[in-house]
Amino acid sequence: MVIKKEQNRMVTPKLKKEEVSFDFSLRPKSLSKFIGQDKVKENIKILLSAAKKRKEPLDHILLYGPAGLGKTTLAQVVAKEMRSNIKITSGPSIDRAGDLASIVTNLEDNDILFIDEIHRLNRTVEEILYPVMEDYALDIIVGKGPAAKTLRLDLPKFTVIGATIRFGSISAPLRDRFGSHFRLDFYKTKDLKKIIVRSAKVLKIEIENMAAWEIARSSRKTPRVANRLLKRIRDYAQVKGKGIITSEIVKKSLKMLEIDNMGLDSADRKLLDTIIKKFNGGPVGLDTIAACIGEDITNIEDVYEPYLMRLGFIKRTPRGRVVTDSGFQYLGYPLPVDDHEKKQRVVVAKGQRKLL
């Protein structure tokens with residue numbers, strides 16, 4: 001099997017440049033139409049209601065969890081519900097203090113500043129962000145050396161919504177500035193099915209009930225993957241079928257895409273296969289795995305592992321990654337033999353009676 005680079009994989013939860021407009025067209029515009037994440041929605045409803053009653057801006061909100069689960073969508077929904085303008089940026093885009101200053105000085109009262117990948121903020125920028133979030137003030141240093149002075153500019157009261165897939169990579173001082181922390185978890189299959197049915201209506205696609213369920217089951221518990229698969233299967237139905245997405249069409253399309261009913265593709269199977277065949281199931285270091293399969297370490301940590309760990313196929317240990325018994329069984333390999341049992345077998349094979 002040939003490893004597909006992450007950006008070319010159908011099941012990647014990361015947003016591809018060419019599908020930005022498609023992805024945006026399918027996003028819900030209100031909290032009532034946002035499917036799934038019920039606990040998070042209930043908490044946000046309370047925050048929204050309280051803020052509206054007090055006629056104050058929302059507390060700063062931190063959204064975290066795997067990619068593709070709707071953090072950006074939820075931020076936009078919150079802005080709609082508050083009838084606020086939203087400015088969208090990302091941690092890597094705010095490279096210098098001047099970049100942050102130009103953004104926050106153009107905000108108005110009750111606006112929302114959404115910072116995606118907030119864990120990638122430059123540390124200098126992050127320190128300037130502290131008073132911005134806490135005191136609604138921007139400290140500007142004028143001059144250099146002993147003659148340098150700090151000027152404080154008052155800012156409008158706005159809300160920062162941060163999003164990250166690496167909650168642990170955010171410094172404690174920055175985390176503390178957020179009044180509310182919400183984790184978005186992988187979706188239930190029944191919720192994904194609802195999303196697929198809704199998206200099919202928006203795209204004017206005829207889809208059978210069982211077909212929607214089959215797509216949901218293969219979508220890695222991620223809405224972005226579900227919508228991407230729906231789009232590709234729609235093409236297959238128009239070319240190979242009668243334009244209607246049936247269960248049979250879904251099965252044939254997924255087989256062509258090398259995606260199984262658990263949402264794993266050839267890249268996932270290659271990763272598991274490599275650890276099992278070359279390292280007896282592990283433990284093995286992340287650097288070694290990345291070198292063996294020709295993939296970036298960050299992609300393995302952020303894209304491959306969360307879902308494989310959710311399925312219980314792989315686990316992280318202090319010594320490295322290990323494929324679980326479930327992972328062995330999934331690929332059809334016999335279960336691994338532990339070190340003690342190996343020693344016993346060696347001793348018996350040598351004809352010794354005393355077991356180690």
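1. The lining of the largest pocket is made up of 14 nonpolar, eleven polar and 15 charged residues. The model under review is predicted, and the values in this note are to be read with that in mind. The volume of this pocket is about 1,100 Å³. Its lining comprises 40 residues, of which K14, L15, G68, T72 and R224 are the closest to the centre. Two or more lining residues come from each of the elements α1 (20–25), α3 (71–82), β3, α7 (189–202), α9 (223–240) and α13 (297–311).

2. How many cavities of 30 Å³ or more does a search of the whole structure find? The search returns two.

3. The largest cavity is lined by V11, P13, P66, A67, F186, R220, T222, V225, D302, V303, P306 and Y307. By class, these lining residues are nine nonpolar, one polar and two charged. Which element gives the most to this lining? The answer is α13, with four residues.

4. The second largest cavity has a lining formed by L15, E19, F22, D23, R224, N227 and R228. Helices α1 and α9 are the elements that give two or more residues to it, and α9 supplies the largest share, three residues. Of the lining residues, two are nonpolar, one is polar and four are charged. L15 and R224 line this second largest cavity; both are also listed among the residues closest to the centre of the largest pocket.

5. Five strands form an open sheet in the order β2-β3-β6-β1-β7, and their pairing is parallel. Strands β2 and β7 (180–183) are at the edges, each pairing on one side only. On average, neighbouring strands of this sheet are turned by 15 degrees against each other, with direction ignored.

6. At one end of the strand order, β2 (residues 86–90) pairs with β3 (residues 112–116) in the parallel sense over five bridges. Within this pairing, K87 stands opposite L113 in β3. How is the β-α-β crossover from β2 to β3 handed, right or left? The chain passes from β2 through helix α4 (residues 97–104) to β3, and the crossover is right-handed.

7. Strand β3 also pairs with β6 (residues 159–164), in the parallel sense and over four bridges. The bridge partner of I112 in β6 is T159.

8. An antiparallel pairing is found between β10 (residues 314–317) and β11 (residues 320–323), over four bridges. A hairpin joins the two strands, β10 to β11, through two residues. Across this pairing, K315 stands opposite V322, and R316 stands opposite R321.

9. A search of the whole structure finds four aromatic pairs. One of them is Y136 with F158: the ring centres are 6.1 Å apart and the planes are at 75 degrees, so the pair is edge-to-face. Where do the two residues lie? Y136 is in the loop between α5 (123–135) and β4 (137–142), and F158 is in the loop between β5 (149–154) and β6, so the pair ties together parts that are 22 residues apart in sequence.

10. Most residues other than glycine have a negative phi, and most peptide bonds are trans. The peptide bond from G282 to P283 is cis, with omega near 10 degrees. P283 is located in the loop between α11 (266–279) and α12 (286–293). K55, a residue other than glycine, has a positive phi, near 55 degrees. K55 belongs to the loop between α2 (38–54) and β1 (61–64).

Methods:
Residues numbered from 1 in each chain as written. Predicted model: local features only at pLDDT ≥ 70, side-chain atom pairs only at ≥ 80, totals over all residues. Heavy atoms only, no water. Pairing = 2+ DSSP bridges. Right-handed = clockwise from strand over helix to strand, strands pointing away. 1 Å grid on protein atoms, 1.4 Å probe; cavity = no way out; pocket = protein on both sides within 12 Å on 5 of 7 lines; lining within 4 Å. Points joined across faces, edges and corners; volume = space filled by probe spheres on them. Nonpolar A, V, L, I, M, F, W, Y, C, P; charged D, E, K, R; others polar. Axes fitted to C-alpha atoms, helices over the stretch in contact; angles between N-to-C directions. Phe/Tyr/Trp six-rings, centres within 6.5 Å; stacked < 30°, edge-to-face > 60°.
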